[in-house]
Amino acid sequence: MIWYYALGIIALTIVMMELVSWALHKYLFHGPLWFIHKTHHQQRHGFFELNDVFSLGFGILSCWLMWDNQTTLNYKFWIGVGISVYGIIYFIFHDWFIHNRFKAFKTENKYLKGIRRAHKIHHKSTEKMPSEEFGLLWASKKYFKS
């Protein structure tokens with residue numbers, strides 16, 4: 001497979017993961033799966049929370065796609081890589097930078113500060129509704145104003 005074809009699939013998968021994650025978060029996590037996701041909106045009493053099962057599910061899907069297609073390196077393999085890269089981005093942005101599961105790094109970057117602001121607004125409520133700003137990498141323009 002030509003390398004730019006693989007990179008294109010990975011990039012498209014990352015974009016699609018942001019869209020899928022937004023929809024899952026808004027309509028399922030803050031809907032019928034709230035009983036799991038609410039652990040993410042409550043004070044954490046350990047390193048893990050029940051909500052981490054969603055990340056585990058995406059990780060299993062990613063690994064399965066790569067494992068099952070490792071000999072052919074077809075598009076499914078590269079989708080698995082894209083899901084995995086999105087998972088790494090999620091870990092860095094969400095768990096490390098926003099929720100400080102590890103000591104967060106400081107930044108004056110307007111984009112990063114806007115994403116953090118939007119996520120803080122999302123967590124303003126500890127209830128299923130009302131809630132806003134369901135994306136990881138994308139947020140409303142109002143959060144990027146200094």
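The model is predicted, so local features need pLDDT of at least 70 and side-chain atom pairs count only at pLDDT 80 or more, while totals for chains, interfaces and linings use all residues. Residues are numbered from 1 along each chain as its sequence is written, and side-chain values use heavy atoms, with hydrogens and water left out.

**Helix H1**

Begin by selecting residues 3–29, which form helix H1; helices here are DSSP runs of H or I with at least four residues, numbered from the N terminus. Display the side chains of Ala6, Ile9, Ile10, Thr13, Ile14, Met17, Glu18, Ser21, His25 and Phe29, which are buried (under 20% relative accessible area, with exposed over 50% and partly exposed in between, for a 1.4 Å probe and protein chains only). The cover over these buried residues includes helix H2 (34–37), H3, H4 and H5.

**H3 against H4**

Next, select helix H3 (residues 52–68) together with H4; the two pack at an angle of about 150°, and their axes are 7 Å apart. Axes are lines fitted to C-alpha atoms, for helices over the stretch in contact, and angles run from 0 to 180 degrees between N-to-C directions. H3 is therefore roughly antiparallel to H4 (over 145 degrees; under 35 counts as roughly parallel, 65 to 115 as roughly perpendicular and the rest as oblique). On the H3 side, the contact (heavy atoms within 4.5 Å) is made by Ser55, Phe58, Leu61, Ser62, Leu65 and Met66.

Between H3 and H4, stop at the loop residue Leu73. Its phi is near 50°, a positive value in a residue other than glycine. Most residues other than glycine have a negative phi. Leu73 counts as partly exposed, because its relative accessibility is 34%.

**H4 against H5**

Now select H4 and H5, whose axes come within 11 Å and cross at roughly 70°. H4 is thus roughly perpendicular to H5. Phe93, His94, Phe97 and Ile98 of H4 meet Tyr111, Leu112, Ile115, Arg116, His119 and Lys120 of H5. The residues of this contact divide into six nonpolar, two polar and two charged.

Move to Thr107, in the loop between helix H4 (75–98) and helix H5 (110–122). A polar atom of the Thr107 side chain lies 2.9 Å from the backbone nitrogen of Asn109. Beyond its neighbours within four places in sequence, Thr107 is in contact with Phe97, Leu112 and Lys113.

**Two glutamates**

Select Glu49, in the loop between H2 and H3. Glu49 counts as buried, because its relative accessibility is 12%. Its side chain is joined to that of His40 by a polar contact of 2.6 Å (a pair of N or O atoms within 3.5 Å; within protein, one must be able to donate a hydrogen and the other to accept it, and residues adjacent in sequence count only if both atoms are side-chain atoms).

Finish at Glu133, in the segment after H5. Glu133 is buried, with a relative accessible area of 13%. Leaving aside neighbours within four places in sequence, Glu133 is in contact with Ala118, His122, Trp138, Ala139, Ser140 and Tyr143.

Methods. Ala, Val, Leu, Ile, Met, Phe, Trp, Tyr, Cys and Pro count as nonpolar, Asp, Glu, Lys and Arg as charged, and the others, Gly among them, as polar.
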